[in-house]
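Work through the exercises below with the sequence and the model open. Each task is followed by a solution in steps.

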Amino acid sequence: MQGLAVVLFPVVLMLFALFMERVENRLRKLLEPEEEVQQYLERASNAEVNELAKLGVPAAAAHPGRRRARGDELDVAQAS
């Protein structure tokens, strides 16, 4: 019985490692920023990025024109 465990353990461990690699690759593809996100981050002002970090993506996406409509377009670089 112990001999069988000695033979099967490395095989099971190797199969588990291969399975986890496939899961990791799928998650990495899901988490990579899309071109649209990259373009937004390049064009966004400091205040917009701060709001995105504070509120999170869903809340910030729900109010894309709120700051522009109020006229609070304050950039940290302009303020200093």
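The exercises go from the whole chain to single residues of this predicted model.

**Exercise 1. State how many helices and strands the protein has, and in what pattern they follow one another.**

Step 1. The count gives six helices and zero strands.
Step 2. Along the sequence, the elements read α-α-α-α-α-α.

**Exercise 2. Find which element has the lowest mean pLDDT and which has the highest.**

Step 1. For the protein, the mean pLDDT is 76, and 69% of the residues reach 70 or more.
Step 2. Among the elements, helix 6 (residues 76-79) has the lowest mean, 46, while helix 1 has the highest, 92.
Step 3. Residues 72-80 have a pLDDT below 50; this stretch makes eleven contacts in the model beyond near neighbours in sequence.

**Exercise 3. Locate the salt bridge and explain how its partners are placed along helix 1.**

Step 1. A search of the whole structure returns one salt bridge.
Step 2. Its partners are E24 and R28, whose closest N and O atoms are 2.8 Å apart. The cut-off for such a pair is 4 Å, so the distance qualifies.
Step 3. E24 and R28 are four residues apart in helix 1, so about one helical turn separates them.
Step 4. E24 has a relative accessible area of 43% and is partly exposed. R28, at 41%, is also partly exposed.

**Exercise 4. Identify which residues make the nonpolar surface patch, and decide whether L30 is buried or exposed.**

Step 1. The patch covers about 750 Å² and is made by F16, F19, M20, V23, L27, L30 and L31.
Step 2. L30 belongs to helix 1, which spans residues 2-31.
Step 3. The relative accessible area of L30 is 67%. Exposed means over 50%, so L30 is exposed.

**Exercise 5. Classify E48 as buried or exposed, and find which backbone atom lies 3.0 Å from its side chain.**

Step 1. E48 sits in helix 3 (residues 46-55).
Step 2. Its relative accessible area is 8%. Buried means under 20%, so E48 is buried.
Step 3. A polar atom of the E48 side chain lies 3.0 Å from the backbone nitrogen of S45.

How values were computed
Residues numbered from 1 in each chain as written. Predicted model: local features only at pLDDT ≥ 70, side-chain atom pairs only at ≥ 80, totals over all residues. Heavy atoms only, no water. Patch = residues over 30% accessible without salt bridge, like charges linked within 9 Å, V, L, I, M, F, W, Y side chains within 5 Å. Areas by Shrake-Rupley, 256 points an atom, 1.4 Å probe, with all protein chains shown as cover. Salt bridge = Lys/Arg side-chain N within 4 Å of Asp/Glu carboxyl O. Helix = DSSP H or I, 4+ residues; strand = E, 2+ residues; numbered from the N terminus. Buried < 20%, exposed > 50% of the residue type's maximum accessible area, 1.4 Å probe, protein only. pLDDT = per-residue confidence, 0-100. Contact = heavy atoms within 4.5 Å. Polar contact = N/O pair within 3.5 Å; in protein donor to acceptor, adjacent residues only side chain to side chain.
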